[in-house]
Amino acid sequence: MTDSSLTGSNRAHSSDPQARQAAPAGAGFAVVEMFTSQGCSSCPPAEEVLSEIERDARERRQRVFALGFHVDYWDDLGWPDRFADAAYTARQQAYARAFGSGHLYTPQMVVNGTVEFVGSDRRRA
C-alpha cells in the first residue's frame, strides 16, 4: 500500500522481544491490525482472536505484530471510547479506499495490508 496515512507509530499490543529475536535472520513477519471500538458489541470476541494470534505467535517464536486501533466514529452514537483517535479512523479509511470497499466497520482485521475481513472470524484469522 502506498497511502502515507498507513505508516507511522501507534498503540500496539506488546509482543515478547525474545520472540522477535528468536526468528532467524531474513525470516518474514506478519502485521495484523484490528480496527475496534468500545461501543462495538461484537468487538470483544474479535479482540480475543487478536490476542490468541499474538499468544500463539509468541509460543511458536514467530514474528507477528498485533496492532489494535480504536476508531472514533462510534463516539457519535453515544458511546465515547477513551482509546479512540481520529488518526485510527483515517488509517481505516485509507484501507477502505485501497481495498475499494469504501465502507468502514468494526471489528475489522487487516493482515499485512493486503487482506481484510471481520475480525471475529477465527477461521480466516
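**Fold, disulfide and backbone features of the predicted model**

Of the contacts in the protein with a separation of 6 or more, 64% are between residues 24 or more positions apart. The model described here is predicted, and the mean pLDDT of the protein is 84, with 79% of its residues at 70 or more. Confidence is highest in strand E3 (residues 108–111), at a mean of 98, and lowest in helix H1 (residues 17–22), at 47. Over residues 1–20 the pLDDT is below 50, and this stretch has 40 contacts in the model beyond near neighbours in sequence. Where pLDDT is low, the predicted coordinates should not be read in detail.

Three helices and four strands make up the secondary structure of the protein. From the N terminus on, these elements follow the order α-β-α-β-α-β-β. The protein comprises 125 residues, of which 34% count as buried.

Strands E1 (residues 30–36) and E2 are paired in the parallel sense, with seven bridges between them. Within this pairing, Val32 has Ala66 in E2 as its bridge partner. Together with helix H2 (residues 43–60), E1 and E2 form a β-α-β unit, and this unit is right-handed. Strand E2 spans residues 64–70, and six of its seven residues are buried, so the strand is largely enclosed by the rest of the structure. In a regular strand the side chains alternate between the two faces of the sheet.

A search of the whole structure identified one disulfide. This bond is formed by Cys40 and Cys43, whose sulfur atoms lie 2.3 Å apart. The disulfide is right-handed, because the torsion about the S-S bond of Cys40 and Cys43 is about 90°. Both cysteines fall under the 20% limit for a buried residue: Cys40 has a relative accessibility of 4% and therefore counts as buried, and Cys43, at 0%, counts as buried as well. Cys43 is also a residue of helix H2 (residues 43–60).

Several backbone features were found in the loops. Most residues other than glycine have a negative phi, and most peptide bonds are trans. Against this background, a cis peptide bond joins Thr106 and Pro107, with omega at about -5°. Pro107 belongs to the loop between helix H3 (86–99) and E3.

Arg61, although not a glycine, has a phi of about 60°. The position of Arg61 is in the loop between H2 and E2, within the β-α-β unit that E1, H2 and E2 make. With a relative accessible area of 46%, Arg61 is partly exposed. Asn112, which is likewise not a glycine, has a positive phi of about 50°. Asn112 is located in the loop between E3 and strand E4 (115–118). A relative accessibility of 40% places Asn112 among the partly exposed residues, since this class covers values between the 20% limit for buried and the 50% limit for exposed residues.

Terms used: Residues are numbered from 1 along each chain as its sequence is written. This is a predicted model: local features need pLDDT of at least 70, side-chain atom pairs count only at pLDDT 80 or more; totals for chains, interfaces and linings use all residues. Side-chain values use heavy atoms; hydrogens and water are left out. A disulfide is a pair of cysteine sulfur atoms within 2.5 Å. Buried means under 20% relative accessible area, exposed over 50%, partly exposed in between (1.4 Å probe, protein chains only). pLDDT is the predictor's confidence in each residue, from 0 to 100. Helices (H or I, at least four residues) and strands (E, at least two) are DSSP runs, numbered from the N terminus. Contact means heavy atoms within 4.5 Å. Two strands pair if DSSP finds at least two bridges between them. A crossover is right-handed if, with the strands pointing away from the viewer, the path from the first strand over the helix to the second runs clockwise.
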